[in-house]
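This briefing is meant for a reader who is meeting the structure for the first time. Please keep the sequence and the 3D view open while reading the points below.

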Amino acid sequence: MDSVKASDPQPSAEAQLRSAAPYALVATARRLLADRTGAQEVVLLLADYGLDVLQPVTHLPHTGPPVSAHEGPPGSAFFTQKPVLEVLHDPAGNLVHLPITVRGDRLSVLSVRLPAGAVDPHTVLQLGDFATALGHEVTTADRDTDLYLQARRTRRLTLAAEMQWQLLPGRGCSREEYVIGAHLEPAYSIGGDTFDWSTGADQLFLSVTDGMGQGIDASLLAGLTTGALRNARRAGISLADQAYLADQAVYSQYGGKAYASTLLLRFELATGIVQAVDAGSPQLFQQRGGRTERVELEAQMPLGMFEETLYTEQTFQVEPGDRLIVVSSGVHGTRSARGDLFGERVLRQVLSATRSAAPHEAARAVVAGLIEHYGSKELLSDAAVVCLDWHGRQG
């Protein structure tokens, strides 16, 4: 192999991040930004599982003090998804807080301290591109190191929750045609509620599943159901047949003693036509203009309740500007300590109040409203909310 000549250009920052050890991404980022922008401090703040705080990635098992994911300069960057400049006086300088989002999944904030006078629009733009590249590498590194997964937690996850979070595609996804935001609670002890999506050139598949039971039993059921649905989806068959094969898989394992309620949706990206199979309890709402309406679908048997259940598809249409919200039974079926049902009326109020918010924040607000109604920070039943804004294909 020929030696590298002195005149050869230095590898790009992205290339150096890619070649860094999975556990050394933050150290590599510090070195690169110190060399290229004069950065005096670089901190990666990861959003915790409950999306309550941002936690710095440091030498585990120790971590630095968390900061709010909704207040203060870093929280503002995470919440608004825009860079935030914080002016420092002692020592003089600037802190630039940059949101890190990978394909619509909000992950973290990169905080970079620069000398006074070193910040200009071009520098902020460069730092934003660097932060995005770092986010992609952190996502990839999760396959090979526990560092970033450990840094995200404020306390230990239950085994069931550990399995569920590894099962999820993320907490958000965006393309030209749509933006998805999702939220799960109780984040550190979630059991049977889960969601999944997959996008292609012409279609989007979305599912929300509520596995019966609690804890590890519910998590195992949800894992089997999601795996069966993915296996069927990747075979390229119809939505109804996907439900049928998943139903067979769950029934063959549990014999009808355990089952999973699932809502399956398939969007045609070019037309906004949606095919649906309602196999259980998740509920679907549509916001169009100033109205919030329940999308009434034919209720069919949950997956695995009976042997060889046949499923049928229904069709409806979404238009640019529409918002769809899917909630699991842990949302619409939860009662307060006094026995009051959260119910559709309260849910509609929360959805109407968050109509202008981003899908991620709207999904989180529904769960926050549920927790307030329930009267306790820790819900007894799992709650899953998926919010999708439909933009449609342009041109």
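The model is predicted, and its largest pocket has a volume of about 800 Å³.

**The largest pocket**

- Of the 29 residues that line the largest pocket, those closest to its centre are Asp105, Thr139, Leu168, Pro169 and Gly170.
- Several helices give two or more residues each to this lining, namely H4 (121-141), H5 (147-151), H6 (159-167) and H7 (215-233), and the strands that do so are S6 (105-115), S7 (172-174) and S9 (193-199).
- Sorted by class, the lining of the largest pocket holds 12 nonpolar, 6 polar and 11 charged residues.

**A nonpolar patch on the surface**

- Leu159, Met163, Ile216 and Leu220 form a nonpolar patch on the surface, and together they have about 340 Å² of accessible area.
- The elements that contribute two or more residues to this patch are H6 and H7, and both of these helices also give two or more residues to the lining of the largest pocket.
- Leu159, which is placed in helix H6, counts as exposed because its relative accessible area of 59% is over the cut-off of 50%.

**A buried valine**

- Val366 is found in helix H11, which covers residues 359-374, and this valine is buried, with a relative accessible area of 1%.
- Although Val366 and Val386 are 20 residues apart along the chain, their C-alpha atoms are separated by 9.9 Å.

**Backbone details**

- Most residues other than glycine have a negative phi, and most peptide bonds are trans, so the cases listed next deserve a look.
- The peptide bond from Asp90 to Pro91 is cis, with omega near 0 degrees, and Pro91 is found in the loop between strand S4 (84-89) and strand S5 (92-102).
- Another cis peptide bond joins Glu185 and Pro186, where omega is about -5 degrees, and Pro186 belongs to the loop between strand S8 (178-185) and S9.
- Leu51 has a positive phi, near 55 degrees, and lies in the loop between strand S1 (41-47) and strand S2 (53-56); with 11% relative accessibility, Leu51 counts as buried.
- Glu308 also has a positive phi, near 55 degrees, and is found in the loop between strand S14 (291-294) and strand S15 (314-317); Glu308 is partly exposed, with a relative accessible area of 47%.

Methods
Residues numbered from 1 in each chain as written. Predicted model: local features only at pLDDT ≥ 70, side-chain atom pairs only at ≥ 80, totals over all residues. Heavy atoms only, no water. 1 Å grid on protein atoms, 1.4 Å probe; cavity = no way out; pocket = protein on both sides within 12 Å on 5 of 7 lines; lining within 4 Å. Points joined across faces, edges and corners; volume = space filled by probe spheres on them. Helix = DSSP H or I, 4+ residues; strand = E, 2+ residues; numbered from the N terminus. Nonpolar A, V, L, I, M, F, W, Y, C, P; charged D, E, K, R; others polar. Patch = residues over 30% accessible without salt bridge, like charges linked within 9 Å, V, L, I, M, F, W, Y side chains within 5 Å. Areas by Shrake-Rupley, 256 points an atom, 1.4 Å probe, with all protein chains shown as cover. Salt bridge = Lys/Arg side-chain N within 4 Å of Asp/Glu carboxyl O. Buried < 20%, exposed > 50% of the residue type's maximum accessible area, 1.4 Å probe, protein only.
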